[in-house]
Amino acid sequence: MGEDKEQRRQGHPLLRGGGARKEPYTHGFSATQILALTAACGALVPSLPPDSDHSNAIRDFFLASAADPPIPDEVAQLMSAMCLREALALVKTVLWLLGTRLGTLALCGARCLSPRFPFVRRFAEMPVERREDALRRWSRETVFPPLRLFFFLVKVFCLYVFYSLTDENSENPHWRAIGYSPPTDDEAATEEEQTESTKRPLDDGVIETGHHTDASLATSLAEKGLAVADDAARNVCRVECDVAIVGSGCGGGVAAAVLAAAGHKVVVVEKGNYFTARDYTSIEGPSMSQLYERGGFVSTLSGSGLLLAGSTVGGGSAVNWSACIKTPESVRGEWAGAHGLPLFASPDYTAAMDAVFKRLGVTSGCEEEGIQNKVLRKGCEKLGYKVEPVSRNSSEGHFCGSCGYGCRTGDKRGTDTTWLVDAVARDAVILTGCKAEKLLFSDAAGARGNKKRCVGVVATSSNPAIARKLEVRAKVTVSACGSLLTPVLLRGSGLKNPHIGKNLHLHPIAMAWGYFPPDTPVPDLQKGKMYEGGIITSLHKVEAGDGLPHRAILETPLMGVAAAGTQFPWVSGRDMKERMLKYGRTVHIFSLVRDRGSGTVHDERRIAYHMDPADRENQREGLRRALRILVAAGATEVGTHRSTGRA
């Protein structure tokens with residue numbers, strides 16, 4: 001793995017990760033809390049004696065511990081940034097209790113007792129085996145649920161950091177043992193080729209506020225053909241345009257292109273940064289941090305689900321798993337009939353979907369599938385289940401398993417390489433690193449007699465060098481910042497409609513896994529790693545019978561090393577390390593349901609969600625079907641990601 005470091009992922013500095021931390025930690029954990037957290041991390045990922053026949057890489061892996069610095073401080077730092085305030089308070093409280101003898105006795109019971117004075121050990125003083133036993137009990141706690149939540153939080157953040165933290169060479173010390181290697185770059189480009197490729201697709205229209213000051217931002221806006229006025233008294237930079245669009249993803253990108261083509265001056269406000277194919281590195285930690293909302297750590301209030309949402313130019317289309325599925329006829333009919341929305345059953349909607357597919361270059365075939373989709377297909381065929389191909393916004397020969405971290409080849413096409421390029425060609429402007437705070441309203445009645453009319457949006461740059469707020473005045477404003485943030489923007493703008501944020505549907509999933517050793521007797525499955533090949537190229541629908549819609553859809557996910565560490569059930573430190581050594585040949589299949597239950601977006605990162613009992617049963621049926629498929633395909637071990645782990 002080391003011999004190709006010179007060839008390894010140059011990419012954008014923000015997407016490389018690595019190197020020793022230069023800034024001091026700001027997590028706010030006390031020394032006592034860090035000591036207890038270190039003890040918990042050391043029990044989750046303990047140092048273990050390796051076998052004599054292990055390679056050097058595997059020996060080092062078994063000897064390594066999550067108690068080794070800087071992992072505990074990095075875990076605390078990530079938790080302080082990503083946890084909901086209630087969850088962070090819970091973690092700090094439990095760690096404080098574990099830093100005392102009485103608190104440890106209350107939470108660990110007889111496990112902390114010692115025959116020597118003072119007879120009760122603090123958590124950090126307990127032998128690692130007893131700490132493991134305490135964590136195992138907490139993982140299945142039912143009498144006092146907060147302890148189970150504490151275990152879940154510490155486990156997720158500890159294992160995520162342990163497997164994602166990289167050095168100055170963008171390497172994690174454990175990847176070699178696991179057999180994982182992110183894609184390497186092609187041969188270095190010549191100086192002439194680098195010069196020719198300097199210009200990026202959106203350079204004619206993008207303004208990256210992170211590179212500006214108040215003065216240079218105003219100048220750059222004016223150079224893009226916008227009317228700009230500084231209001232020093234209000235500390236505002238005012239911009240005039242025809243259309244302001246918040247968000248640059250699937251909705252915002254298409255809207256920008258269509259409206260710019262109609263002759264309107266369009267300004268797109270995007271809080272994420274702009275990256276291109278040559279910037280992407282496929283390195284999990286920094287890619288998640290930069291390309292996803294809150295680094296991929298947006299959870300429901302109950303902690304029962306993690307929600308992934310793109311947060312970069314192109315939004316979800318820049319990080320989607322390439323699957324492109326048109327709205328099913330049955331769903332279109334339901335929307336038109338049951339909800340009184342005839343547009344969705346009209347030829348106009350069909351034409352709109354066709355136009356999007358054409359511009360994205362969607363293809364319906366796949367020249368070569370990766371091992372995960374091969375397993376899904378082979379298992380279904382053996383059991384007589386129907387398998388359907390999945391259309392993708394890439395070529396049929398696209399064999400990339402890391403498009404969820406941005407497509408490094410540029411083959412996958414999102415709005416950042418299609419619709420937004422069209423918009424910029426017609427003089428649209430894209431502001432990056434700029435978060436919309438609230439919509440602007442005038443008291444003048446709108447054309448439909450409304451009491452107020454939206455006249456623009458106020459945004460703030462994430463760059464501390466830009467002190468002034470940006471006031472984008474527009475005749476029309478489009479909020480396209482997704483189902484998680486559009487309600488936040490509307491509520492934050494003073495709108496009082498009680499339905500704002502209600503009826504959030506998520507298509508929840510649950511996952512099953514199966515291990516396929518390299519010497520599997522199935523020839524087609526002897527080669528390949530689970531992180532190689534197209535992410536979703538096949539699917540299976542779990543039928544409901546009696547002409548009813550399917551109960552679940554089975555597909556395969558992108559599963560990075562750190563994500564796998566957080567998802568695998570933890571039974572013991574040794575079991576987890578042995579499980580991670582099988583990472584590359586462990587296939588995952590998820591069961592996705594169209595939920596009857598729904599949730600509510602109360603505020604930013606304040607998302608309540610209720611799963612209907614029927615949804616749970618459909619999900620379970622999907623998991624049962626997934627396990628049968630894995631066994632039929634030849635898996636030697638199977639299980640789920642639930643706490644008990646194996647099936």
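Pro 70 lies in the loop between α2 (56-63) and α3 (71-82), where helices (H or I, at least four residues) and strands (E, at least two) are DSSP runs numbered from the N terminus. A cis peptide bond, with omega about 10°, joins Pro 69 and Pro 70. This is a predicted model, in which local features need pLDDT of at least 70 and side-chain atom pairs count only at pLDDT 80 or more, while totals for chains, interfaces and linings use all residues. Residues are numbered from 1 along each chain as its sequence is written, and side-chain values use heavy atoms, with hydrogens and water left out.

Another cis peptide bond runs from Phe 117 to Pro 118, with omega near 10°. Pro 118 is placed in the loop between α5 (101-108) and α6 (128-139).

The protein chain contains 21 helices and 18 strands. Its radius of gyration (taken over C-alpha atoms) is 26 Å, close to the 26 Å that the globule rule gives for 647 residues, so the chain is as compact as a globular protein of that length. The globule rule is 2.2 Å times the number of residues to the power 0.38. Along the principal axes, the C-alpha atoms fill a box of roughly 80 × 60 × 60 Å. Of the 647 residues, 51% are buried; buried means under 20% relative accessible area, exposed over 50%, and partly exposed in between (1.4 Å probe, protein chains only). Among contacts with a separation of 6 or more, 71% are between residues 24 or more positions apart, a contact being heavy atoms within 4.5 Å.

Strands of a sheet pair through backbone hydrogen bonds, either parallel or antiparallel. In this model, six strands form an open sheet in the order β7-β13-β14-β15-β12-β18, with antiparallel pairing; two strands pair if DSSP finds at least two bridges between them. The edge strands, β7 (388-389) and β18 (637-640), each pair on one side only. Within the sheet, β12 (residues 509-515) and β15 (residues 586-592) are joined in the antiparallel sense over seven bridges. Tyr 515 stands opposite Thr 586 in β15.

Positive phi values occur in residues other than glycine, including Asp 427, with phi near 75°. Asp 427 is found in the loop between α17 (419-425) and β8 (429-432), and counts as exposed because its relative accessibility is 52%. Asn 503 also has a positive phi, near 60°. The loop between α18 (482-492) and β12 holds Asn 503, which counts as exposed at 55% relative accessibility.
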